[in-house]
Amino acid sequence: MNTLIMKPSALFDMTIRHTPWRPRHLHWVMQDMAGVARQPEQDHRTHLRATLEWVCRAQDACRSSADSGCVAAGFSFGSGWLPASADTTGRLIETLLPAAEYLAWPVLADRAHAMLDALLAQADAGSAGRIHGLIAGHVQLGHGESLARAVCSARALAGMSMATAAQHAQAAHALASVGVLAGESDLLDAARRHLEIVLAQQTPCGWFPDSAGPASSAALADILRSLIETTRLLDDPRAWQAALRVGHGLRGQLREDGRLAGAFDDGWMPAAPYVDVTGLAQLAVCWLRLAQRTQDAGWRDPAWRALAWIKRSQRTAGDDLALRDALPSAVPIWGGPAAFSFDTLSAKHFADALMMDMVGIAIPPESPEMNA
């Protein structure tokens, strides 16, 4: 909901729920009221390490729970550390492993192993993030059980009903990944069905609808990343053309300073006054991935602008360890459906983009086993 046109009663309820007047929260709110993206901008490595230190705190927040080893989905002003998320945990495995190498920080690899152990201890469920974590366990860690468990989770995902283009796109990516690795034709067929649903929804300008109204930049970024990878796995040129259309469309909406509207209507009409940081961070990943796939350096410029804007929104100073180094879900902090919160996936995508730009790698790495 747009807080600039929110009914007074709804705004009051949100304010009571998120307690922005508390001293630890009020400072952040007041800084955003004074102006956004105004923090000191450091080099990639400094921001990468700060971001991963916060991810470690998000994992430590779950240490005493039944989900020990998993990672909290985020932090919010109203609730503190959020419950553990298997989907987020799985996605972070593929981030921590290269980070452990490039930062010479072996504890991150230990944490990735703990995340995989936590996933394996849970019942199989249809979560795209869980599947990607199990694939990382198989490809990057050589864990023998991971692929079989990924197949089970993929079959659960294939049987789930989905409502949005982003959900179908994520399913197509996850199912294609497992199908190629395991040689499971039924999963490849399911991936193609989901891909057909996604492609049928794209409008001529490249935009995709969302069942709840304007499409968030996070949903569009999910679709773009899934299309980029699915076209490689399924060797489907239509998915590649769809990816280029949405990639170009969003690049055209990025401001010179790196700011991007948090949601769009058809025709790339901005539909939100805030920045969705999770979406912007993943778009930086997508533009860098397009640069890798096309060898076109022109895709790097929007990624660099987006990363610079996110850096200026990350506060790497302060004594509050839950807030220091965190990335807000939205800027200003009171914007969007995840107001007054900090999403762990924002940190994951930001870290991925920083590493991809620093050392020219793909995250996760392209495995010969997963080439179509």
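Residues are numbered from 1 along each chain as its sequence is written. In this predicted model, local features need pLDDT of at least 70 and side-chain atom pairs count only at pLDDT 80 or more, while totals for chains, interfaces and linings use all residues; side-chain values use heavy atoms, without hydrogens and water.

Arg 130 sits in helix H6, residues 128-139 (helices are DSSP runs of H or I, at least four residues, numbered from the N terminus). Its relative accessible area is 1%, so Arg 130 counts as buried (under 20% relative accessible area, with a 1.4 Å probe and protein chains only). A polar atom of the Arg 130 side chain lies 2.8 Å from the backbone oxygen of Leu 119. The Arg 130 side chain also makes a polar contact with the side chain of Ser 153, at 2.9 Å (a pair of N or O atoms within 3.5 Å; within protein, one must be able to donate a hydrogen and the other to accept it, and residues adjacent in sequence count only if both atoms are side-chain atoms).

Helix H4, residues 86-102, packs against helix H14, residues 344-359, at an angle of about 35 degrees, with the axes 10 Å apart (axes are lines fitted to C-alpha atoms over the stretch in contact, and angles run from 0 to 180 degrees between N-to-C directions).

The largest nonpolar core has 118 residues (buried Ala, Val, Leu, Ile, Met, Phe, Trp, Tyr and Cys joined through side-chain atoms within 4.5 Å). Leu 52, Leu 227, Trp 287 and Phe 342 touch the most other members.

How values were computed: Helix = DSSP H or I, 4+ residues; strand = E, 2+ residues; numbered from the N terminus. Buried < 20%, exposed > 50% of the residue type's maximum accessible area, 1.4 Å probe, protein only.
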